[in-house]
Amino acid sequence: MNKKFTKDLSAVFTFLFPIVYIVLGLLLLIVDEINTKVFAYLLGMISMVFGAALIIQYFLRRQYLDIHAYGFSLGAFAVLIGFCIMVEADAVADSLTILLNLCIMLTSLVKVQNSIQLRCIQSVMWIPMLVVSCLFLLCTVLIATAFEGEVRDIFTYVVLICDGIASFAAAIVLRVVFRIKAAEGASNAMEPVNE
């Protein structure tokens, strides 16, 4: 996959998604009698816009010349998913908690991967990252198995907000640690070898 495309997608995922999680969780938790069908439509529209942006980027950056670039396919997939979500907005609204739980699970697994990355570059931050990600994975299991009805919904919204905050913090920690390690590597490379 094109490195620039991968970097752009990574930046969107690591910084935009946590903000969306926090805002969405707060709205669902604070605003009484909020219409979850509206969120289904918004989710569908966001998916379609994101997909269209990927397709446009695919052609503008001439990624069709790179056999490892899949921007068009991912974009078309996002557009189709968005369209299906909008057509089935009632069904999506009814299963919003399940979808949010899957989103929390995904970002928790991303944090597990981040902890592995931190471990590989020998940063002590891998331990708290792994603990936090495992706690969120435990929460997703509890959402799926231990709670029902309004209690499950409220617990899901609270976990969504906390996961957004944790994901944002994890993204910052990861970037800072990698920059420090890169700077250390560059300074070590510039040091003269004593004979």
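How many salt bridges does a search of the whole structure find? The search turns up three, where a salt bridge means a side-chain nitrogen of Lys or Arg within 4 Å of a carboxyl oxygen of Asp or Glu. Keep in mind that this is a predicted model: local features need pLDDT of at least 70, side-chain atom pairs count only at pLDDT 80 or more, and totals for chains, interfaces and linings use all residues. Residues are numbered from 1 along each chain as its sequence is written, and side-chain values use heavy atoms, with hydrogens and water left out.

- Leucine 160 sits in helix H7, residues 149-190; helices here are DSSP runs of H or I with at least four residues, numbered from the N terminus.
- Leucine 160 has a relative accessible area of 0%, so it counts as buried (buried is under 20% relative accessible area, exposed is over 50%, and partly exposed is in between, using a 1.4 Å probe and protein chains only).
- Leaving out residues up to four places away in sequence, leucine 160 touches Tyr21, Leu24, Gly25, Leu100 and Ile104, a contact being heavy atoms within 4.5 Å.
- Take isoleucine 104: it lies 56 residues from leucine 160 along the chain, yet their C-alpha atoms are separated by 6.5 Å.

**The nonpolar cores**

- The largest nonpolar core has 14 residues, and Leu24, Leu28, Leu100, Ile104, Val159 and Leu160 touch the most other members; such a core is a set of buried Ala, Val, Leu, Ile, Met, Phe, Trp, Tyr and Cys residues joined through side-chain atoms within 4.5 Å.

**The salt bridges**

- Aspartate 90 and lysine 37 pair up through their side chains at 3.1 Å, N to O.
- That pair links distant parts of the chain, 53 residues apart: aspartate 90 is in helix H4 (residues 89-94) and lysine 37 in helix H2 (residues 36-60).
- Aspartate 90 is partly exposed because its relative accessibility is 46%, and lysine 37 is partly exposed too, at 27%.
- Aspartate 163 and lysine 111 form a salt bridge at 2.5 Å, N to O.
- Aspartate 153 bridges to arginine 152, with the closest N and O atoms 4.0 Å apart.

Conventions:
Helix = DSSP H or I, 4+ residues; strand = E, 2+ residues; numbered from the N terminus.
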